[in-house]
Amino acid sequence: MRGLFKHYLNISTAIFLFVGCQNPKEKTSTPKHSLDNTSWELIAFANHDLEGTTITLNFETEKLHGLGVCNNYFSLFSYQANKITIQAVGATRKMCAKNSKLEIDYFKILSNTSSYEIKDNLLIIENRLGKLEYKKVSP
């Protein structure tokens, strides 16, 4: 019985030391440009006229939200290097008097985003369906 207890104690100690010695910063990689706590306004969306429309995108830690054409939206996201994954977008259900197709297309591209790039004060998000270009908004 003593031998079994010693064996259990040795294994427990080894696990404790192994887990305790890991550096938590090594588990995740920090992207070149952080999106956390940034705000953006859409300035270009292929084949869509944005005149008179304000579409925003705000990033928090692992969450995003903004204003579409007429509905507020929200989602979860994660990113690493230049890859970003945005979960399906949820939104309020106000009836858009005009530009409802713009909002539907916007949510569709945002939900299927695969990559992003930040150049100066511009954020470019794209996938096989199209490209969204935003300008940074001061907090």
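**Note on strand pairing and backbone torsions**

1. Strands E1 (38-45) and E9 (residues 130-137) pair in the antiparallel sense over 6 bridges. Strands here are DSSP runs (E, at least two residues) and helices likewise (H or I, at least four residues), numbered from the N terminus; two strands count as paired if DSSP finds at least two bridges between them. Within this pairing, Phe 45 has Leu 132 of E9 as its bridge partner.

2. The model is predicted: local features need pLDDT of at least 70, side-chain atom pairs count only at pLDDT 80 or more, and totals for chains, interfaces and linings use all residues. Residues are numbered from 1 along each chain as its sequence is written, and side-chain values use heavy atoms, with hydrogens and water left out.

3. E1 also runs antiparallel to strand E2 (residues 56-59), to which 4 bridges join it. In this pairing, Ser 39 stands opposite Asn 58 of E2.

4. Most residues other than glycine have a negative phi. Asn 37, although not a glycine, has a positive phi of about 60°. Asn 37 is located in the loop that connects helix H1 (2-20) to strand E1. Its relative accessibility is 63%, so Asn 37 counts as exposed (exposed is over 50%, buried under 20%, partly exposed in between, with a 1.4 Å probe and protein chains only).

5. A positive phi, of about 55°, is also found at Ala 81, again not a glycine. Ala 81 belongs to the loop between strands E4 (72-80) and E5 (83-86). Ala 81 counts as partly exposed because its relative accessibility is 47%.
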